[in-house]
Amino acid sequence: MTWHDASHTGFSIFLNKENLVFSMPLICVCTVYAYVKYLPLNLGLSVIGAGIVIYKVSSYLKTRAIEKKEEKIANLDESLLEDLAADEINKEKEDKQKAAKKKVKEQNKVRQRIAAEKKKQINRGTAAKEDDDDNEDISTFVKAKGKKKN
């Protein structure tokens, strides 16, 4: 390593990540010793307990806020979804309405055709009845020739 190395310029010679990682155990030991040595036991334990409680409450509040955001995203109103995808939904609605109109038109055509066929059958039936008068059994009006007179 030369004196003019770009990675070790200025204050970084003494304080960099590598030196901090190596010095963390010593810093922790010194902090714990000072805490135990200079703070009374009653005050020290209550401060530790309060720190744990504050940490638990803050972590609970953060998780609850995240859950609320997820619930809000999961439970979007239909109106908001319609606003987001209004074009697609409107197009689908129009397609459904067109399909329904086509179906109604087809049903009306079928009904009209059936009605027209019934009218034709009725007209044929009345015309056939008028023509069928000649084809009725005439034997009921004719006398029987084979009868003996008494």
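Helix α1 takes a bend of about 45° at Ser-23, with a proline, Pro-25, following within four residues. The bend at a residue is the angle between two fitted axes, one for the seven residues ending there and one for the seven starting there. Keep in mind that this is a predicted model, where local features need pLDDT of at least 70, side-chain atom pairs count only at pLDDT 80 or more, and totals for chains, interfaces and linings use all residues. Numbering starts from 1 along each chain as its sequence is written, and side-chain values use heavy atoms, with hydrogens and water left out.

Back to α1: the helix covers residues 17-38, 22 residues in total, and spans 30 Å from first C-alpha to last, close to the 32 Å expected at 1.5 Å a residue. That expected span is 1.5 Å times one less than the number of residues. The number of buried residues among the 22 of α1 is 0, so the helix lies largely in the open. Buried here means under 20% relative accessible area, exposed means over 50%, and partly exposed is in between (1.4 Å probe, protein chains only).

Now the whole chain. The protein has 4 helices and 0 strands, running α-α-α-α from the N terminus. Helices (H or I, at least four residues) and strands (E, at least two) are DSSP runs, numbered from the N terminus. Buried residues account for 1% of the 150 residues. The protein exposes about 15000 Å², with carbon and sulfur atoms supplying 60% of that; areas come from Shrake-Rupley with a 1.4 Å probe, and for residues only the protein chains shown count as cover.

Leu-15, Leu-20, Met-24 and Ile-27 make a nonpolar surface patch of about 340 Å². Patch members have over 30% relative accessible area and no salt bridge; nonpolar side chains (Val, Leu, Ile, Met, Phe, Trp, Tyr) are joined within 5 Å, like charges within 9 Å. Of these, Leu-20 sits in helix α1.

Over in helix α2 (residues 41-74) we find Ser-59. A polar atom of the Ser-59 side chain lies 2.9 Å from the backbone oxygen of Lys-56.

The structure holds 1 salt bridge, meaning a side-chain nitrogen of Lys or Arg within 4 Å of a carboxyl oxygen of Asp or Glu. Arg-64 pairs with Glu-67, with the closest N and O atoms 3.3 Å apart. Both lie in α2, 3 residues apart, about one turn of the helix.

Here are some accessibilities:

| Residue | Relative accessible area | Class |
|---|---|---|
| Leu-20 | 41% | partly exposed |
| Ser-59 | 27% | partly exposed |
| Arg-64 | 29% | partly exposed |
| Glu-67 | 38% | partly exposed |

Methods
A polar contact is a pair of N or O atoms within 3.5 Å; within protein, one must be able to donate a hydrogen and the other to accept it, and residues adjacent in sequence count only if both atoms are side-chain atoms.
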